[in-house]
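Please look over the protein chain shown here before reading on. The report that follows takes up its sheet, its helices and its backbone in turn.

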Amino acid sequence: MFQRRRVNGVNVRALRTPKVKEFVHASFWTCPDCGTEGTFGVLTVCDRHYVRRCIHCWFDQRLPLPALKKRIIYLDQFVISNMMKELDPASGQLPGFYRSLFERLDRLSKLQLVVCPDSPIQDHESVVDSRYEKIRAVFRQLSHGVSFHRPRTLLHAEIMHAFRCWVGDKPFQSDVDRSFALRPNPDLWYDEIRIDLNFTLPGFPEALKQSCDKITKNLHQTCEEWRTQRDFRFKDAFNNELDGSAKLILKREASLISRMLSELAASFPSSDDWFERVRAFLAQSNFELFLA
Ligand SMILES: [Zn+2]
């Protein structure tokens, strides 16, 4: 991988720049342009086609690939974590079921038969772990960069669809499919080279930990209240939580709209009280519609 270069009259050891023909690999065919045998190899694999190049005359040809419909397999954090432990020599864990599972899924995904999408949930559950990079390497290896949208985006899409069904007096049937839930499209061919970048906002793991601790504390408190409550009935508690959640979502939405309008009003100070009136109307209509 190293070569000698002369810099200011001195020989230095420098990383060798790979030549384009080194990216061309088997299988090698006879070049349809210059006719040389065993020189026409695979240069790149794209979403739905691949490119062959002759390493003798540099002739390129674009060739179609068959359409794909991959199986989607979602891996729980428990599985990812165990795979990482059985793959990591530093963990001291002997290879077993999870190592074998990883090898099978890795092979199936490279054969373009399955994809194991990663998700923001996996990322958030992993980023608070000191072995984050190792866990991430496992789920990114099997996802090939295919990810689920944020859970909130999927939830909102389901709620909006349910609302439209209700307004149209139609029975609810989910319309969130793989083409909406995943990005990019999972049914594409992978190239052999994948460049993966990682960036974690400074302070993000700490903020997640704090939020998780707060939620756990509130859950303990609520459970204790239920435990000591007289005549506790699950149905009542469920309905109370449902009502409370709906009001909380609407309160947050109203607050968000109000903040956006304030920012708009600040951008256009000459628009009199128009933004104020719209904001008041939206806030009022939101609450009146849903809190009634
Ligand atoms: Zn050729």
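How many bridges join strand 5 to strand 6? The two strands run antiparallel and are joined by 5 bridges, where helices (H or I, at least four residues) and strands (E, at least two) are DSSP runs numbered from the N terminus, and two strands pair if DSSP finds at least two bridges between them.

This is a predicted model, in which local features need pLDDT of at least 70 and side-chain atom pairs count only at pLDDT 80 or more, whereas totals for chains, interfaces and linings use all residues. Residues are numbered from 1 along each chain as its sequence is written. The mean pLDDT (the predictor's confidence in each residue, from 0 to 100) of the protein chain is 87, and 88% of its residues reach 70 or more. Confidence is highest in helix 2, at a mean of 97, and lowest in helix 9 (residues 274-291), at 60.

| Strand pair | Bridges | Sense |
|---|---|---|
| Strand 3 (residues 25-29) and strand 4 (residues 40-45) | 2 bridges | antiparallel |
| Strand 4 and strand 5 (residues 49-54) | 5 bridges | antiparallel |
| Strand 5 and strand 6 | 5 bridges | antiparallel |

Within these pairings, H25 stands opposite V42 in strand 4, F40 stands opposite C54 in strand 5, and R53 has D60 of strand 6 as its bridge partner. Strand 4 is joined to strand 5 by a hairpin through 3 residues.

**The helices**

In helix 1 (residues 77-87), the residues V79, I80, S81, M83, M84 and K85 are buried, a residue being buried if 20 or more other C-beta atoms lie within 10 Å of its own, exposed if 12 or fewer, and partly exposed in between, with C-beta atoms placed from the backbone. The buried residues of helix 1 pack against helix 2 (97-110), helix 3 (120-127) and helix 4 (132-143).

Helix 3 and helix 4 themselves pack at an angle of about 160 degrees, with their axes 9 Å apart. That angle makes helix 3 roughly antiparallel to helix 4, because angles over 145 degrees count as roughly antiparallel, under 35 as roughly parallel, 65 to 115 as roughly perpendicular and the rest as oblique. Q122, S126 and V127 of helix 3 make the contact with Y132, I135, R136 and F139 of helix 4, two residues being in contact if their C-beta atoms, placed from the backbone, lie within 7 Å.

**Backbone exceptions**

Most residues other than glycine have a negative phi, and most peptide bonds are trans. Another cis peptide bond joins R183 and P184, with omega about -15 degrees; P184 sits in the loop between strand 10 (182-183) and helix 7 (204-228).

Q112, in the loop between helix 2 and strand 8 (114-115), has a positive phi near 65 degrees, and Q112 counts as partly exposed because it has 17 C-beta neighbours inside 10 Å. D231, in the loop between helix 7 and helix 8 (234-267), has a positive phi of about 50 degrees although it is not a glycine; with 5 C-beta neighbours inside 10 Å, D231 counts as exposed.

Definitions and conventions
Axes are lines fitted to C-alpha atoms, for helices over the stretch in contact, and angles run from 0 to 180 degrees between N-to-C directions.
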